[in-house]
Amino acid sequence: MTPAEQSRAAAAICRLAPVVPVLVIDDLAQAKWLAEALVAGGLPALEVTLRTSVALDAIRVMAEVPGGAVGAGTLLTPADVKAAKAAGATFGVSPGATDRILDACAEHDLPLLPGAATASEIMALLEKGYTVQKFFPAEQAGGAAYLKSIGSPIPQVKFCPTGGIGLKNARDYLGLSNILCVGGSWVAPKDAMARGDWAAITTLAREAAALR
Ligand code: 3PG
């Protein structure tokens, strides 16, 4: 899959809803309920971070939930890319970008949202053909004001900013012409997941889905 094809596929996923939940799943038993709750609330694109021992199994379970588009986040190595694809991930997200990660996504046909945080990183990815990128860590790297400024010289790159975004500041990003969606963990709070309060998560998803 070429970078341009990956970016087209990534853009389509980013356009499904204004928010991509960033999920850290510790308990595999939560995976199906969590995916159903988020999809029911209007957030079909789900990023499962590869930060827990059950993450790949969670992707396997969530990929079966009707209406969802399940991706793997925190891709750090080519082995992560291969495992994510094998588990059924339909897209990938990485906090930054290395040639090895980019090559692995091309080889395994996994549309990637590669991470960038500076003008040079954004330009380096653009040179390779990645026109849709993750901006990370969004708030810490300059936030919406930074992305607005980057949009003047580099309007052809669109972003999914992630990191420090919540209901309060999501609109600051979503109002910009170079933002396709935002990512965030706030729609799946650990305490609600631990309680199995899926209705609360659907309510949070609904609020997030209504942001645009
Ligand atoms: C992450 O990779 O952890 C995401 O950027 C989520 O950040 P958040 O927890 O601040 O939403």
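Some ground rules. Residues are numbered from 1 along each chain as its sequence is written, and side-chain values use heavy atoms, with hydrogens and water left out. Because the model is predicted, local features need pLDDT of at least 70 and side-chain atom pairs count only at pLDDT 80 or more, while totals for chains, interfaces and linings use all residues.

Let me start with the pocket. A pocket here is an open set of points on a 1 Å grid over the protein atoms alone, where a 1.4 Å probe fits, with protein on both sides within 12 Å along at least five of seven lines; lining residues have an atom within 4 Å of a point. The largest pocket has a volume of about 160 Å³, volume being the space filled by probe spheres set on the points. Its lining includes Val 24, Lys 134, Ile 165 and Gly 183. By class, the lining divides into 4 nonpolar, 6 polar and 2 charged residues, with Gly counted as polar.

Where does the ligand sit? It sits in the largest pocket, meaning that more than half of its atoms lie within 2 Å of the grid points.

Now the polar contacts, pairs of N or O atoms within 3.5 Å. A polar side-chain atom of Arg 51 is 2.6 Å from a ligand oxygen. Polar backbone atoms also take part: for Gly 164 the distance to a ligand oxygen is 2.7 Å, and for Gly 163 it is 3.4 Å. The protein covers 78% of the 310 Å² of accessible area that the ligand has on its own, by the Shrake-Rupley method with a 1.4 Å probe.

Last, the backbone. The peptide bond from Phe 136 to Pro 137 is cis, with omega near -10°. Thr 74 has a positive phi of about 60°, although it is not a glycine.

Conventions
Polar contact = N/O pair within 3.5 Å; in protein donor to acceptor, adjacent residues only side chain to side chain.
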